[in-house]
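Take a look at the protein below. This report walks through its layout, its surface and a few of its residues.

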Amino acid sequence: MIRPGAAVLPLVLFLGACGTEEPPVLTVAEVTMFAPLPGQPAGVAYFVLQNGAPATMALQRIESPYFTAV
């Protein structure tokens, strides 16, 4: 099992460093990641993404320096 939050941590850090004085409007919680099964090329991750802003947001992309594809 991969450490929880390893792939999502850069996203959280990026959002926290946006330079605003306001509390974050996007939070990530309950991160669980599983390594690939033997012989399989991909693992899986689950998380809860909470939008605290009054406007609707659309998640378009997630990137991580720790993985080739997310």
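Helices (H or I, at least four residues) and strands (E, at least two) are DSSP runs, numbered from the N terminus. The model is predicted: local features need pLDDT of at least 70, side-chain atom pairs count only at pLDDT 80 or more, and totals for chains, interfaces and linings use all residues. Residues are numbered from 1 along each chain as its sequence is written, and side-chain values use heavy atoms, with hydrogens and water left out.

**Layout**

The protein has one helix and two strands. Their order from the N terminus is α-β-β. Strand 1 covers residues 26–34. Strand 2 covers 44–51, and Y46 sits in strand 2.

A contact means heavy atoms within 4.5 Å. Take the contacts between residues at least 6 apart in sequence: 45% of them join residues at least 24 apart.

**Surface**

Accessible areas come from the Shrake-Rupley method with a 1.4 Å probe; for residues, only the protein chains shown count as cover. The protein exposes about 5,800 Å², and carbon and sulfur atoms supply 60% of this area.

Buried means under 20% relative accessible area, exposed means over 50%, and partly exposed lies in between (1.4 Å probe, protein chains only). Of the 70 residues, 11% are buried.

| Residue | Relative accessible area | Class |
|---|---|---|
| S64 | 10% | buried |
| T27 | 37% | partly exposed |
| E30 | 64% | exposed |

F34, V44 and Y46 form a nonpolar patch on the surface, with about 290 Å² of accessible area together. Patches are made of residues with over 30% relative accessible area and no salt bridge; like charges are joined within 9 Å, and nonpolar side chains (Val, Leu, Ile, Met, Phe, Trp, Tyr) within 5 Å.

**Strand 1**

T27 belongs to strand 1. Which residues does T27 contact, leaving aside its neighbours within four places in sequence? They are V48, L49 and Q50. T27 and N51 are 24 residues apart in sequence, yet their C-alpha atoms are 6.8 Å apart in space.

E30 is also placed in strand 1. E30 is not a glycine, but its phi is positive, at about 50 degrees. Most residues other than glycine have a negative phi.

**After strand 2**

S64 lies in the segment after strand 2. A polar atom of the S64 side chain is 3.1 Å from the backbone nitrogen of Y66. S64 counts as buried because its relative accessibility is 10%.

A salt bridge is a side-chain nitrogen of Lys or Arg within 4 Å of a carboxyl oxygen of Asp or Glu. The structure holds one. The side chains of E63 and R61 form this bridge, at 3.0 Å from N to O. Both E63 and R61 are exposed.

Conventions. Polar contact = N/O pair within 3.5 Å; in protein donor to acceptor, adjacent residues only side chain to side chain.
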